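Please look through the sequence and the model below before reading on. The text then goes through parts of the fold in turn.

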Amino acid sequence: MKKFCLVAFVVAQSFWGQSQQLKLEDIMKGDAFVGFQPENHRWSVDGEKVYFEWNPNKEWGNSTYFWKKGMKKPELASNEEAYFSKMRFQKGWDATTFYYLDKGILFSYDSKSKVKKKLFQHPDGIASFVLGIEKGVFFLEQKGNFIQFNSKEGSVLQLTNFFKIKEPKKEEASTSFLKDQQKELFQYINDQEAKKIWQESKTEGLPKLTPKPLYFNKLQLVNLAVHPKGEFVTFSSYKEPEVDAEKMAVFITADGYNKTRDTKEKVSTQNIFEMKYGIYNVAKDTLYYMDFSKLSGVTKFPEYYKEYENLKQEKEKVKELYIDETLFNETGTYAVLSLRSMDNKDRWLISVDLSNNTFTEIDHQHDEAWIAGPGIPSYSFSNGTLGYLSDNETVYFQSEKTGYSHLYTYQLSTKTSKALTSGNWEVRQVVLSADKKNFYISANKNHPGNREFYKLAIAEGKLQPILTQEGAYEVKLSPDEQSLVVRYSYKNKPWDLYWSSNVTNAKLQPITQSQSAEFKQYNWRTPEVISFKVQDGKDVYARIYQPKAEVKNGAAVIFVHGAGYLQNAHIFWSNYVREYMFHNLLADKGYTVLDIDYRASDGYGRDHRTGIYRFMGGKDLSDQIDGKKLLVSNYGIDPKRVGIYGGSYGGFITLMALLTQPDEFKAGAALRSVTDWAHYNHGYTGNILNFPETDPEAYKKSSPIYYAENLKGNLLMLHGMVDDNVEYKDIVRLSQRFIELGKKNWSLASYPVEAHGFKETYSWIDEYGRILEHFETYLKK
């Protein structure tokens, strides 16, 4: 196959086809216009084929395709092959045997002979399985319990006997007149009782055939883990808090009757609950719980408590914790546990001694804002990057202790830690090699907007560049780690699949070509990624789309990406497909477009990430104002003809811009916007603003609804009515405030069948048609 030169391809991209005029009706089709890009690329277990989902023929949905070396183009997989390729395989005790679950049934698969075998089936099904140390021994999770299955012997042993129901009441001795009368009158009753006592005496001292039942009184049991020798089973238990969920109305229904459905729970201290770490000793048939009150800083109150009189009086107490799944090494000699405080300020990694019910701290991460970052869990029930190296004594993990997420190790026997990476960049993803002596990492070492791919030899500690040219590389290693299948994209080049050898400075060879003929006909801009200084002296990155000099109209639009913690001023293809094309259309009409990675955006380290702590609409908004100043001073933009728009978090910032900085923007379009953070979900909001009950000022300061009286600019709001993320109620509440305040310079477009992410092309066309008309009306001279 001919070598593929990536640099030449990117340069040549700008000369494809003849430029044509963009039409809103076309670009709002999204990938149906661009071309559907391949997704979910993966290797077959034998490494002979690459599978992925794709839709090159614009059908109703994706189908599974495969490719192998030597093929000119991918081919459609059969239904059976496609189904089998999606199984989650676990490598067995030898090189060619793999195990997987299919509909709750345990199977084996020999990659050499291609033979599948059904190993274990039960009416209750299997939820998960773990391979034991001894060959042929499996630990199967079934209905919240573990059983040990020995495939060589065909034997099954029950390890736990957990019940989520209440323990049945024991029959109490009765002293009632009627019971005494029965015994007095009937010898039969006395004989039955004596027989029962005699039978029970015959089982005294005999071994129990099943573990004793343990009752948890409707507690939730999660994160069950079993020791590799079956000696212990660990779990986390908690009682679900009784918190009301939002109810959402659905008006467009098949039967013509309105429906309502529950959506999400609001951020609240009511969502904080007690979680316990249970240890079940299989041999001793005993259950006990670990005490975490001695963890470093586990009783330390957050700093913001000092600002509230009622919180200053709080008595010291142990924080409630999220307790993740126990991670055992291969031999079962070590067990590691990740804990995270429910106030979001602390994360601990500990080594647990299950026999003695004790622990030793490995690492404690504290942040007065909130714990997060690449490889570090920011919500509950996730271990993040955590595992063991080849010696079975060294743990690896990620931490933001330097301000950027990097990779660290901790040697459990010597209790020594070591940093494997460092610098003002982030380790994005981590994969450990099969021999556990090398890491393959995704990082943005050369530029914050890149996703480069490196090999890191653990012993030497040196990064080996494999794929480091500009853009993003989503890499899957072949089973033998000799080859790579890569999903690659650039700023103006959508995602496609490529193959390469796993070597230094690898060269990519194409597998797919996903772009449509219609997409290629337009000369798409390669937006320049710039950086500029903001008010506090920090650097902020942005994409800028510039019109040709002959059509430049002196007006500008600032786009605000959503999600808060997301990156869009990067070197690769944006998730905002329609917005990228819309910005090209705006530039064709003479507008300059600026797309800023404001404070809280992903890819820039801890300080950038936490810049919005306790004030959403603070630095993230001032970065937009500084972006406007840059447009005026460096790009010849009229300060009175600047608009702003965005969706979700971008819609929120648009509202904050028009309501807290009313003289800065002539017009704004707010899509699916949060208007009051006290009505948003718990996990996301509690990280950034704490909780409404403990930090109400942060919520008032950060919520647009409190500033509705300041509206001056021309505001267009657009919202899906079945949005179960940012409720339609959000925009209804703000609308009522505007009505009560007598505001007239606003309008609301509602979309009855659309959720948070629109699906229907006609909705996209209507939405962006209104946005375009809004800017054309208010920003042109």
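Predicted model: local features only at pLDDT ≥ 70, side-chain atom pairs only at ≥ 80, totals over all residues.

Start with the hairpin of strand 1 and strand 2. Strand 1 covers residues 39–43 and strand 2 covers residues 50–54; the two pair in the antiparallel sense, over 3 bridges. Arg42 has Tyr51 of strand 2 as its bridge partner. Between the strands of this hairpin lie 6 residues, and Gly47 takes a positive phi near 75°.

Strand 8 is joined by 5 bridges to strand 7 (residues 105–110), and the two run antiparallel.

Next come two helices. Helix 5 spans residues 177–185 and helix 6 spans residues 187–201; they pack at an angle of about 100°, and their axes are 5 Å apart. Angles of 65 to 115 degrees count as roughly perpendicular. Helix 5 and helix 6 are therefore roughly perpendicular to each other. On the side of helix 5 the contact is made by Gln182, Lys183 and Leu185, and on the side of helix 6 by Gln187, Ile189, Asn190 and Glu193. Sorted by class, the contact of helix 5 with helix 6 has 2 nonpolar, 3 polar and 2 charged residues.

A further open sheet is formed by 4 strands in the order 30-31-32-33, again with antiparallel pairing. Which strands stand at its edges? They are strand 30 (427–432) and strand 33 (462–467); each has a single partner strand, so one side of each is left without a neighbour in the sheet. On average, and with direction ignored, neighbouring strands of this sheet are turned by 30° against each other. Strand 30 is joined to strand 31 (residues 438–443) by 5 bridges, and this pair runs antiparallel. Within the pair, Val431 has Tyr440 of strand 31 as its bridge partner.

The hairpin has 5 residues between its strands, and Glu481 takes a positive phi near 60°.

Now turn to the second largest pocket, which has a volume of about 480 Å³. It is lined by 25 residues, and the closest to its centre are Tyr404, Asp539, Tyr604, Asp607 and His608. Two elements give two or more residues to this lining, namely strand 39 (539–545) and helix 10 (606–609). The largest share comes from helix 10, with 3 residues. What is the make-up of the lining by class? It divides into 7 nonpolar, 10 polar and 8 charged residues.

Helix 11 takes part with Asp620, Leu621 and Gln624, which meet Tyr649, Phe652, Ile653, Met656, Ala657 and Thr660 in helix 12. The residues of this contact divide into 6 nonpolar, 2 polar and 1 charged.

Conventions. Residues numbered from 1 in each chain as written. Heavy atoms only, no water. Contact = heavy atoms within 4.5 Å. Nonpolar A, V, L, I, M, F, W, Y, C, P; charged D, E, K, R; others polar. Pairing = 2+ DSSP bridges. Axes fitted to C-alpha atoms, helices over the stretch in contact; angles between N-to-C directions. 1 Å grid on protein atoms, 1.4 Å probe; cavity = no way out; pocket = protein on both sides within 12 Å on 5 of 7 lines; lining within 4 Å. Points joined across faces, edges and corners; volume = space filled by probe spheres on them. Parallel < 35°, antiparallel > 145°, perpendicular 65-115°, else oblique.
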